[in-house]
Amino acid sequence: MSLTGLFLCTFLAEHLAGNLLLFVNDGGEMYEKYSEFLVSNPVIRTIEIVLFASIIWHALSGFVVWLQNRRARPVKYEEYRLGDNTELASRMTMLSGSVIFFFLVIHLGSFFVPLRVTGSDVGAYHLVQEKFSSLWFSGFYVLALLLLAYHLRHGFQSAFQTLGLRGKGYDSILSAIAFIFWFVIPLGFASIPVYFYFFRRASGAAFTLGLL
Ligand code: HEM
């Protein structure tokens with residue numbers, strides 16, 4: 001789980017870097033080029049298979065670990081306190097992980113499938129613009145990204161623990177890396193729906209409430 005989790009984090013960093021091209025004020029030209037490069041590059045398409053396998057592996061192992069934790073502790077804790085109660089932390093990680101999985105299904109259905117599988121009438125930039133013109137869609141993204149931040153914060157703690165990296169004299173570097181992944185990256189992603197909803201809404205889509 002730790003290794004697939006860390007691999008998925010490297011994808012997140014790359015994905016955010018590419019998506020920051022959405023902020024270039026050129027009507028989406030660079031973003032379209034980036035998207036076309038992703039579609040046509042065989043190396044990227046191969047890495048994608050590893051990526052999807054890692055997502056499934058990570059989600060399934062998380063579910064199994066959560067089930068094992070439940071079986072190992074049939075008697076409930078008397079008091080729930082976030083931070084020093086591992087059962088609650090494990091529940092919250094499972095809950096945030098499930099919402100992220102649901103988010104991914106919606107996300108892939110909204111972008112990956114039309115752009116890479118079925119074909120879309122509009123290019124990547126305009127599809128992003130169209131989708132984030134909806135308040136519900138953008139709001140759902142911001143909420144999912146908040147949960148992603150929570151999930152990554154706890155995920156990094158347990159990954160460092162599992163891999164035995166803590167207490168070796170470089171804890172502050174590890175904390176800085178974790179901070180970039182659990183705070184800066186989700187914040188960067190969340191800025192995209194917020195920016196599009198408020199400043200780049202598709203013309204004619206003023207304050208739409210449509211979800212998809
Ligand atoms: C909020 C800003 C985001 C935007 C605008 C965005 C945009 C896109 C687009 C346009 C695609 C289609 C393929 C492509 O051209 O790359 C895609 C694919 C994908 N996205 Fe996102 N994404 C965002 C956030 C996320 C987050 C937070 C995750 C993970 C938690 C994620 C995971 C994926 C995955 C796994 C794929 C399929 C693999 C790939 O195409 O590279 N995305 N995204």
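The protein chain averages a pLDDT of 88, and 89% of the residues score at least 70; pLDDT is the predictor's confidence in each residue, from 0 to 100. This is a predicted model, in which local features need pLDDT of at least 70, side-chain atom pairs count only at pLDDT 80 or more, and totals for chains, interfaces and linings use all residues. Residues are numbered from 1 along each chain as its sequence is written. In the protein chain, confidence is highest in H7, at a mean of 96, and lowest in H4, at 90.

Let us turn to the overall fold. The protein chain has seven helices and zero strands, and its elements run α-α-α-α-α-α-α from the N terminus on. Helices (H or I, at least four residues) and strands (E, at least two) are DSSP runs, numbered from the N terminus. Of the 212 residues in the protein chain, 18% are buried. Here a residue is buried if 20 or more other C-beta atoms lie within 10 Å of its own, exposed if 12 or fewer, and partly exposed in between, with C-beta atoms placed from the backbone. Among contacts in the protein chain with a separation of 6 or more, 80% join residues 24 or more positions apart; two residues are in contact if their C-beta atoms, placed from the backbone, lie within 7 Å.

Next comes the ligand. It is surrounded by 20 residues, and the closest are Ser 35, Phe 111, Phe 112, Phe 189 and Ile 192. A residue is near a molecule if its C-beta atom, placed from the backbone, lies within 6 Å of it. Helices H1 (2–19), H2 (29–40), H3 (42–72), H4 (86–118), H5 (124–131), H6 (135–162) and H7 (171–199) each supply at least two residues of this shell, and H4 gives the most, with seven residues. The shell divides into 14 nonpolar, four polar and two charged residues. Ala, Val, Leu, Ile, Met, Phe, Trp, Tyr, Cys and Pro count as nonpolar, Asp, Glu, Lys and Arg as charged, and the others, Gly among them, as polar.

Two of the helices can be set side by side. The expected span of a helix is 1.5 Å times one less than its number of residues.

| Helix | Length | First to last C-alpha | Expected span |
|---|---|---|---|
| H6 | 28 residues | 40 Å | 40 Å |
| H7 | 29 residues | 40 Å | 42 Å |

H7 bends by about 30° at Ile 180, where the bend is the angle between axes fitted to the seven residues ending there and the seven starting there. The buried residues of H7 include Phe 181, Trp 182, Ile 185, Phe 189 and Ile 192. H1, H5 and H6 are among the elements that cover the buried residues of H7. In H6, the buried residues include Phe 137, Tyr 141, Leu 145, Leu 148, Leu 152 and Phe 156. An α-helix has 3.6 residues a turn, so residues three or four places apart point the same way. Just after H6, Gly 164 takes a positive phi of about 65°.

Finally, here are some individual positions. Ile 177 lies in helix H7 and counts as partly exposed because it has 14 C-beta neighbours inside 10 Å. The C-alpha atoms of Ile 177 and Phe 156 are separated by 9.2 Å, although these residues are 21 residues apart along the chain. Met 94 has its place in helix H4; this residue is partly exposed, because 17 other C-beta atoms lie within 10 Å. Not counting residues up to four places away in sequence, Met 94 touches Gly 62 and Trp 66. The C-alpha atoms of Met 94 and Trp 66, 28 residues apart along the chain, are separated by 7.0 Å. Asn 19 lies in helix H1 and is partly exposed, because it has 17 C-beta neighbours inside 10 Å.
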